[in-house]
Amino acid sequence: MKYKSQKVAYWFFALSMLLFVLQLVYGFIMGFAHAGFDGLHDIIPFNTAKAVHLNLLVVWLLSGFMGAAYYIIPEEAQRELVSVKLAYVQLISLALVGVAAIIGFHFNIWEGRKFLEIPRGLDYLVVINVLLFLGIILTTLFKGKRRTTTALVLTMGLFFAALLYLPGMLPFDSQVTDSFFRWWVVHLWVEGVWELIMGGILSFLLIKLTGVDREVIEKWLYVIVGLTFLSGVLGTGHHYYYIGVNKIWLIVGGIFSALEPLAFLAMALFAVNMYRKGEKKHPNKLALYWTLGAAIVSFVGAGLLGFAHTLPQTNLYTHGTLVTAMHGHLAFWGAYAMIVLAIISYSLPNMTGRKLYDSSRGRMAFWFSNIGMIGMTVAFGVAGVVQVYLERKMKMEFMEVQKEIEVHFYVLILCATLFVTGIILYIIDFYKHGRPTDEAIDLTSTD
Amino acid sequence: MLSKKQARAFFLGGTLVTFLIFIGLTIFSLSKDVDQTNHENITEAVVRGKNLWDSNNCMGCHTILGEGGYYAPELTKVIDRRGKGYIKAVLMSPVAWEPNGRKMVAYGFSEEEALDIIEFFDWIDDIDLNGFDTVVSPLAKDNN
Ligand code: HEM
Ligand code: HEM
Ligand SMILES: [Fe+2]
């Protein structure tokens, strides 16, 4: 750590971990409900659990991205954050808005559109919060000594993520138009601007961990985010096949979304090659595990499993089934959860001065969570394929099919238990690092 | 070899071009001439039904147009499948509806509210879904 203000990141990461654990609790509630045990139905019905699971996911990832920005931007811009106080105000207001939304979901207060359940009143507070965040980051960047590509790409990602929240706030009378613009948020986030955020964090980590020349890394960063937008923007069409808009999207969405895996493939090749090329072997092995892991698992979860159902001929049958849940889990995990865990693993020792670089607990956290998540993906996948076959080919009733696939949710719960064990180990490791301190400032090392 | 400047040009150029095409296609597919939703049939009752649908987050359990939760039946062609009387019974039931052993929230809607939601489903029913409707409805047995 080179600047005192970078310590703010610690508290964003801590909030992130807290909300993450809570997200998983609601995941279990849904897993059990699918397996036939909905004992909590009267207090936490499935739709509450699902809204909480998804919104906590988004908020903990955003909190992680914001922490990453507060850590990375000072170092890239070579100056302190313009205001640490405002950053704490922003942190607390983020936590309050998030928690208020989550509590509301338990009292039937929501907007009822998947991923965008936060009621409009609170949406405005979200906007104010994010504007404050962007204000701090942008002024720091512009007052800074240098403007690197890494910082620019990261900031651009955060800026456009904020901008794209707005189409989700427009009201429509038509369910079809509503859905159309819901995807401007959901799709253009995860298959567009969030990839910029991921790319920026990845590039920062690779520069630090491998010692490969910044110019080389940043050149490839442009290529990757170029591929992302080239395929991802028109790739939005893969959500427009069967919602009641023109057939032209079957062609446009089919072709461009089929190209989307290229960006993730490029990301994986990029990370692995930079690692091979790097002369410097940074002692923080855990950070390296998570960094390379994110690049590789995102290719599998988003690239391969996304491709598996993105062609219109396939999507006709898999649209809106557990196949989608299979893909959603591994994609979110690989691309966004793992990159947040990577930047935490990298920055925590630097902020606290405790160099727990290669604990066996840390390595177990990595393997347990990843193997658990892959198992969960397989469980969802098998359930999904059986569902598609029985329901959409054999024309069995939805509820009859659900009884047939109940058993796969036992497997899901088992794998989720392994996954959660890994996450708990990760959080113990987080805790053992202690608090951030000014004494951890290190001006000589390149970290 | 590719230079950093060329890489940046690729990023900015590619983004601008695809974004403009995307906006163009958006305007096209929302225009009246290619409407597949019978937009003129969105009556006040349909809108009230949609508001009930949203404000109770039915999408948290059910899918509609293939979007939502994977816990409860897809409702795109529900009127064809069940008939209006059955749906009214589901919506007005004072206890959790669960003929197949999986609970729905007991909303206990009034008759007017139930009818509004049914109007909403009725409108959804007639949307041209590029073939998806034949896949999600068991009546599709007759269609393909
Ligand atoms: C990190 C990147 C990605 C993440 C986090 C992600 C996540 C998700 C999620 C959560 C959904 C369900 C959304 C909803 O119903 O509201 C979804 C749907 C979908 N994704 Fe992805 N995805 C990613 C990348 C991709 C890629 C690269 C492709 C294609 C190659 C793809 C193809 C699809 C398709 C076709 C659907 C629609 C499924 C359906 O019809 O039900 N995704 N994705
Ligand atoms: C304890 C571990 C977890 C369990 C048991 C679990 C279980 C579930 C279940 C049962 C669903 C609902 C599917 C439905 O609508 O019927 C779901 C949805 C979802 N979960 Fe998880 N989950 C867990 C962890 C995670 C993690 C770590 C992530 C992200 C990295 C995640 C992301 C999602 C997403 C994006 C959806 C929405 C999928 C869609 O609607 O297409 N979950 N989860
Ligand atoms: Fe998408």
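The shell around ligand 2 comprises 16 nonpolar, eight polar and two charged residues; here Ala, Val, Leu, Ile, Met, Phe, Trp, Tyr, Cys and Pro count as nonpolar, Asp, Glu, Lys and Arg as charged, and the others, Gly among them, as polar. The model is predicted: local features need pLDDT of at least 70 and side-chain atom pairs pLDDT 80 or more, while totals for chains, interfaces and linings use all residues. Residues are numbered from 1 along each chain as its sequence is written, chains are lettered from A and ligands numbered from 1 in the order in which they are written, and side-chain values use heavy atoms, without hydrogens and water.

Select ligand 2, which lies between chains A and B. Around ligand 2 are 26 residues, each with a heavy atom within 4 Å of it. The closest are A:H34, A:K50, A:H53, A:H329 and B:Y70.

Next, display the side chain of A:H34, which has a polar atom 2.6 Å from an oxygen atom of ligand 2. In the side chain of B:Y70, an N or O atom is 2.8 Å from an oxygen atom of ligand 2.

Then select the iron atom of ligand 2, coordinated by A:H53 (NE2) and A:H329 (NE2) at 2.0 to 2.1 Å. A:H53 belongs to helix α2 of chain A and A:H329 to helix α12 of chain A, 276 residues apart; helices are DSSP runs (H or I) of at least four residues, numbered from the N terminus.

Finally, compare accessibility: A:H53 is buried at 11%, whereas A:H329 is partly exposed at 23% (relative accessible area: buried under 20%, exposed over 50%, partly exposed in between; 1.4 Å probe, protein chains only).

Key. A polar contact is a pair of N or O atoms within 3.5 Å; within protein, one must be able to donate a hydrogen and the other to accept it, and residues adjacent in sequence count only if both atoms are side-chain atoms. Donors are N, O and S atoms within 2.8 Å of the metal (3.2 Å for Na, K and Ca); water is not among the atoms, so sites may look incomplete. Helices (H or I, at least four residues) and strands (E, at least two) are DSSP runs, numbered from the N terminus.
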